[in-house]
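Let's take a look at how a protein model packs its insides. Have the sequence and the 3D view ready, and we'll go through it piece by piece.

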Amino acid sequence: MADDNITMIKVRDVLMVTMPADPDDATVSALQEKVLVTMQQSEAAGVILDISAVETLDSFFARTIAETAQMVALMGGRTVIAGMRPSVAITTTQLGLTLGGAMTALDVDRALDMLNHTHQRGQV
Amino acid sequence: MDTYVQSATVTMTEWEQRKRFVGFTDEDAQLLKELGPVADMYVDEVVEGLYRQFLSFDKTRAFFPDEATLRRVKKLQKAYFLQLTQGDYGEAYLVHRLHIGQVHQQIGLEPRWYMGAYSLYMQLAFPHVIAAFSHDAAKGQRVFLALLKIITLDKELAITTYIAASEAIISAQSREILEIATPVVQLWSGVVAAPLIGTLDSKRAQQFTERLLERIVEMRASVALVDITGVPMMDTRTAQYLLEAISAVRLLGAQVILTGVRPVIAQTLVHLGIDLSSVATRPSLEAGLRLGLDMLDLQVIHRDGKR
């Protein structure tokens, strides 16, 4: 099943989502659905999308991430993309893809720090 | 460094093409062969005349520091001139001529001098050719034109190899420059500095970004100071590469502070309409570090309590 390889755990008030290595379009679509439903059910304050296993990020995936972050924001939460690989970061910028309003973090640890921070640190 | 030994390969097809373009025909080859015995007679005089000219010019005299060198070169020159009239202008001739430009490039003799030498040869040979065919002026003209054509072909080959030899050196140097990578250093826990030195082309930009991102992951940095003090000039493309690098760093959750923005660079960036409003910039690495530490909620305090 497509969304079986997306793992989702709730840690305190953060929704931790781990993406598999090479998500197909169906998996990526399922991601958005799953996140939003769980957000509603759990009233999480934030979502951490761990993409440390992802080797390629295409425009569909990027767009889905950006949209999901916007939707999460509308539901009162913040999204952090964690663990992007250097090669993926380079390709993403070269293709001119943006991740919308999603914040980024070096890894899940940092992402948790970001979401737990008492004062808002804006992106420079 | 023997990279310039790979001579420009002018194929036989191209050689034939060049001959056709210049209008060098089998008839010309035949005429030159007829000139052969005449050339044998005037060649010594022509060589002497040529070297008298070389020795009277500072720039060219420098290539013949002693008698032994002079004698050796005159011999080679004589052999060269005699080859012009031996009657066969195929592959062997081509290969032999291809070396000339290479040799000149190696010793540092620029094209303008040996181009001049070709002209001097023609001037010195002219009266002899005319005299030898005084019984048939029209033929004399055709012989001289044949000589002109073969000399033109020789010049072309010399220039081709000279350029190829120079280009080989340039490629080797470019490869070396690419290998000189400036290290990304950690200034503080969580703060790395990446100096950019020289001009950025697509390959260097890619290399720089890759290195920077890898180090950020490795050192778990959250602030990256990209210092452009060593970037001599800014243009749209360089700015583009910079912005791409900055975006990529952001995707890894780190913040970029662009430091070393010199007045002339600041001017250029504004004139080019580059939007850096989303990037923190500082004039020096020190100022950048200060901001970086601030971002990490760190403060440097003097022992006596002052900031």
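## The cores

A nonpolar core is a set of buried Ala, Val, Leu, Ile, Met, Phe, Trp, Tyr and Cys residues joined through C-beta atoms within 7 Å. Buried means 20 or more other C-beta atoms within 10 Å of a residue's own, exposed means 12 or fewer, and partly exposed is in between, with C-beta atoms placed from the backbone. This is a predicted model, where local features need pLDDT of at least 70, side-chain atom pairs count only at pLDDT 80 or more, and totals for chains, interfaces and linings use all residues. Residues are numbered from 1 along each chain as its sequence is written, while chains are lettered from A and ligands numbered from 1 in the order in which they are written.

The largest nonpolar core has 65 residues, and Ala224(B) and Val249(B) have the most contacts inside it. Its largest share, six residues, comes from helix H9 (residues 236–251) of chain B; helices (H or I, at least four residues) and strands (E, at least two) are DSSP runs numbered from the N terminus. A second, separate core has 29 residues, including Phe24(B) and Leu157(B).

## One helix, two sides

Now for chain A. Which residues of H1(A) are buried? They are Val28(A), Leu31(A), Val35(A) and Met39(A). Down the axis of H1(A), the buried residues fall within an arc of 45 degrees (taken from the directions from the helix axis to the C-beta atoms), so they line one face of the helix.

On the other side of H1(A), exposed residues include Glu33(A) and Gln40(A). Just after H1(A), Glu43(A) has a positive phi of about 55 degrees.
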